[in-house]
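Okay, thanks everyone for coming.

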Amino acid sequence: MTMPKQYQRLVGSKWTSKTSLRGWRHFEVVELRAVEGGYDALLVATCDAENVRPRVQAKQLFDRELWTPGWTPLAQLVLQEEEATQDG
């Protein structure tokens, strides 16, 4: 299976989860693995790489409701969450 272009540069990329995953929000992609129906991304928490290593569907990283590229400062995340609750 040929890896789609959008996934070719994922390894080494940094992401911020919109929700806490095992207590953390900032992750780096360390591995992509072909699975039936697509690709899985192995992430490591930047502050706890030894213990927090979730695996997500790679296509989820492109869903802006779940993830943002790069590392978003915590203060900005809190502000965004407050704005979202006021709008809802």
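Predicted model: local features only at pLDDT ≥ 70, side-chain atom pairs only at ≥ 80, totals over all residues.

What does the side chain of R55 meet in a salt bridge? That's E31, at 3.3 Å, N to O. The pair ties together distant parts of the chain: R55 sits in strand β4, residues 55–57, and E31 in strand β2, 24 residues apart.

Searching the whole structure turns up two salt bridges. As for the surface, E31 is partly exposed, at 27%, and R33 is partly exposed as well, at 42%.

Okay, on to R25, found in strand β2, residues 24–35. Is R25 buried or exposed? It's buried, because its relative accessible area is 19% and the cut-off for buried is under 20%. Its side chain reaches the backbone oxygen of K18 at 2.8 Å. Leaving out neighbours within four places in sequence, R25 has contacts that include W15, T16, L77 and E81.

Last one: T68, over in strand β5, residues 67–69. T68 is buried too, with a relative accessible area of 16%. Its side chain makes a polar contact of 3.2 Å with the side chain of T72. Beyond its neighbours within four places in sequence, T68 touches W15, T16 and K18.

Terms used: Residues numbered from 1 in each chain as written. Heavy atoms only, no water. Helix = DSSP H or I, 4+ residues; strand = E, 2+ residues; numbered from the N terminus. Buried < 20%, exposed > 50% of the residue type's maximum accessible area, 1.4 Å probe, protein only. Polar contact = N/O pair within 3.5 Å; in protein donor to acceptor, adjacent residues only side chain to side chain. Contact = heavy atoms within 4.5 Å. Salt bridge = Lys/Arg side-chain N within 4 Å of Asp/Glu carboxyl O.
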